[in-house]
Amino acid sequence: MVDFLAENNLCGQAILRIVSRGNAIIAELLRLSDFIPAVFRLKDKSDQQKYGDIICDFSYFKGPEYYESKLEAKPDLQDLDEEFRENNIEILSRFYLAFESVHKYIVDLIRYLDDLNEGVYIQQTLETVLLNEDGKQLLCEALYLYGVMLLVIDQKIEGEVRERMLVSYYRYSAARSSADSNLDDICKLLRSTGYSSHAGAKRPPNYPESYFQRVPISPTFISMVIGRLRSDDIYNQVSAYPLPEHRSTALATQAAMLYVCLYFTPSILHTQQAKMREIVDKYFPDNWVISIYMGITVNLVEAWEPYKAAKTALNYTLDPANIKEQACRYAASVESLRPQVQQLLKEGFLREEIVLDNIPKLLNCLRDCNVAIRWLMLHTAESAYDPNNKRLRQIKDQAINDSKYNPKILFQLLLDTAQFEFILKEMFKQMLVEKQLKWESYKKEGSERMTELAEVFSGVKPLTRVEKNDGQSFTSIMQESIRASPSMVTKLRATFLKLASALDLPLMRINQANSPDLLSVSQFYSGELVAYVRKVLQIIPESMFTSLAKIIKLQIHDIMEVPTRLDKDKLKEYAQLGARYEVAKLTHAISIFTEGILMMKTTLVGIIKVDPKQLLEDGIRKELVKRVAYSLHKGLIFNPKAKPSELMPKLKEMAATMDGFYRSFEYIQDYVSIYGLKIWQEEVSRIINYNVEQECNSFLRTKIQDWQSIHQSTHIPIPKYPPVDESATFIGRLCREILRITDPKATSYIDQLNTWYDMRTHQEVTNNRLFTEIQDTLGTFGLNGLDRLLCFMIVKELQNFLTVLQKTILKDKAIVDIFKALLNAVNPVKGIVATASKVYTSAIAKTQKIWPAYLESIMKVGQMQILRLQIANELNYSCKFDSKHLAAALENLNKSLLADIEAHYQDPSLPYPKEDNTLLYEITAYLEAAGIHDPLNKIYITTKRLPYFPIVNFLFLIAQLPKLQYSKNQGMTCRRAADPVDWVPLVLGLLTLLKQFHSRYTEQFLALIGQFIRSIMEQCTSQKIPDMPSDVVGALMLLEDYVRYTKLPRKVVEAHVPSFIFDEFRTVL
């Protein structure tokens, strides 16, 4: 008969493919469970209020029209819904495919069983397949894996969350219109069961059997599978564990399968006492905590509580006398095994001849160790017992007490066993490799000796090969062991390899089926294991940083810096031997820690290569990121009510903290053999860029999720903290605090001094030292990130501003009529307006109510532009100071690029960067980081043509001029603090706004101002008023500042205002 798993056996290959797919599906479900978007949990109030109307559970299907009409009634909700779709459709599709594959799996299994019954596979029936060893294993696994899938889904992806995701997918995808979509069946299978994995949650009635029966499966098949699992040793494990007390360990995999499959026929659990008694006697006579799949554990006491027959049968196992007997047995076992294994691990003990002579003894010792470790680990695990269940607590306490459970001793035994197993395995491998060679060599030697003996006896030759016995054969081994001093971490390596053997279970069938899923499933489980390895070894960097903190404290506070010249009588005072000895001791401890990890050899864990040096560096990076991110989060929280602001003191404090981290890192790098400065810069930049990215997310439609971010990493994750105010991160809090204290409604910015003063008290609020302080605290990345965030804020402000302008101001007929009338009155712009004061004053009075909101937006944009200019200035200064070659190279490259582009526009035959060339995009990032850019020349938003735009801005400006006055010392300042206007933000805000539109609008705006100045001056001359009116001074100041900030030639404004007016204006200045 053809081998059941042979490639030409269709029946075997079909079920093998199904089982292989089952293992891959479970891996995908476990992988995805870490990527559930938090918003689908609707945990906090803000999420419920924001997304409550667009995220629905299955109640949606009762009346989809009602829900959709609710959305259509509110444009804001529609917009939010569209944004939500763009951000989540990719991950929703991935989840849907996983859910669909679970449904497809069971449908394919049922079809396979139908094909068996209908005789599609010649000579094969359900009975014959179950008689075959591979067939029996595969059919049992097929049912078991389906059960595991359902349990994993319910445990890792809560029912309500599943429903919300499926409804969102249904609404956002094309699945609803597709005829072959089986979304209905998937929803029926995966609707919420009411189960919750949270501690203390009540178990729903008839759970999980009602869930397992949602897709009907042939009762004959289930009954036959359970029959096989009950009676047979389907994996032939008993022969590997000959001792009767090891039987439950030998059958552990089968016991887990039986546990899951019993839920498909709950009647056995409920009423069939005899069968349950047989199952418990065979599989659970000495254990009640089992592992059902890749570390998912179940406590049978809790799991079988609702089932009468199962509960009664298990009572014999849970009898206090039985628990005591088992626990005491393992306590004695651990006590005798520890010294035994330690003896075996002594250097030079496990030699080839000893191993060959004692194979049964060594394997028995290994078996005993593994059985004892497994039982103790399972039955003392915190996760296996619900703390709210009194009976479970009692059982756990008895198991812990009677087994004399000591986690440290158990861990030591695990390390020793893993090391022993590893050495034994390697020795057997080596012996098998050398077996043939040795046989050949001994054969040859035997034949030569026989020849030699013949010669000796013939009297021709003396015996030459018999050497004098001077020493023992393991001298070389002893020398070897003296050379290398093994440490704890070397034993851990063997333990990790032991853990890696758990990967064989889900991968075996995938490998047999030659499935393309092999790589992704291997990568997932290997990745999980490596993550665990990293977690275990993270204690080394943690301990290092704890010692580092003490070193920093000593260096900063205790040890005095030795001056270049020192009086000898002060030598003792500066020696500070106690403090220096303490630093040396701590440094030595750190180097010992790292030595331990570096002794671990490069190891293949699953399919991932683990390099200990990389592991150490990643660990150090992770700990650095954790500590720096926490310091930034905690250190940059501001109280908006504090007087004066906490900004500068907190920045100084933060700078000292960051300097401490930096100095300690610099100090330690040589002792642990890492590039400290490189790691510091990479990680701090990553933390800041990630926080900037998260902060900017609130301004983006398509948000960057954590798993899409180039700054986030799974191995070295940047922690995410819950927001403490409207900002998402520390960079947002810092930015908003700066905006709060430099608010143009409360402060006045004096450009010549780069300083902000309080409008009421005239006290200094802050100055450009603020940006030097930020540079000291957060470095270039921090300033650059702040600059990026301000860009997003400017964009948002300009967008809101234009929305207000288009939807309210330009939609108000009365206001538009005033603009029309004014336009008629000032035409032609080259001329002079008769009765100028009356025309302008009347227009201002009629539009008074629209300007406050307009002014606020313009000044906000201007305020942010001042901050951007200051940041660019600080970045450029520090770049020239710290990296003069980079600054010079960037400036030259920028100039030459601009020259080439200008040349191309004059002569299109000259070269220009192609569309796919990223040069311009990349150089911009460098220029902005080095402060070589002008924020005022930047285009922030795309705009359409707007009617009356120049006249609106002109009217707005002249409406503000009466609120301002000119002073020789300070320039333009606010007249009354009660009606605040700050000149520089006003000018820069207007400049930025005009820059977003066609230059013709700016030209018309300047022409209107020129006309205003000429007309008012003409009126003053005719009325013989000697002084220049303050509004004209203000308008001329605007033109002066316009030329200064835009760096344009003076002729731009002199085209609109005669030079004699400018001359007179200078006498006023």
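**Cavities in the model**

Reader: Which helix gives the largest share of the lining of the largest cavity?

Author: That's H19, with 5 residues. Helices here are DSSP runs of H or I with at least four residues, strands are E runs of at least two, and both are numbered from the N terminus. This is a predicted model, where local features need pLDDT of at least 70 and side-chain atom pairs 80 or more, while totals for chains, interfaces and linings use all residues. Residues are numbered from 1 along each chain as its sequence is written, and side-chain values use heavy atoms, without hydrogens or water.

Reader: And what counts as a cavity?

Author: On a 1 Å grid over the protein atoms alone, a set of points where a 1.4 Å probe fits but cannot get out; lining residues have an atom within 4 Å of a point. Points join across faces, edges and corners, and volume is the space filled by probe spheres set on them.

Reader: How big is the largest cavity, by volume?

Author: About 120 Å³. Its lining has 17 residues, and Ser248, Thr249, Ala252, Asn287 and Arg374 are the closest to its centre. H11 (247-250), H12 (252-261), strand E1 (289-293) and H19 (359-379) each give two or more lining residues.

Technical notes: On a 1 Å grid over the protein atoms alone, a cavity is a set of points where a 1.4 Å probe fits but cannot get out, and a pocket is an open set with protein on both sides within 12 Å along at least five of seven lines; lining residues have an atom within 4 Å of a point.
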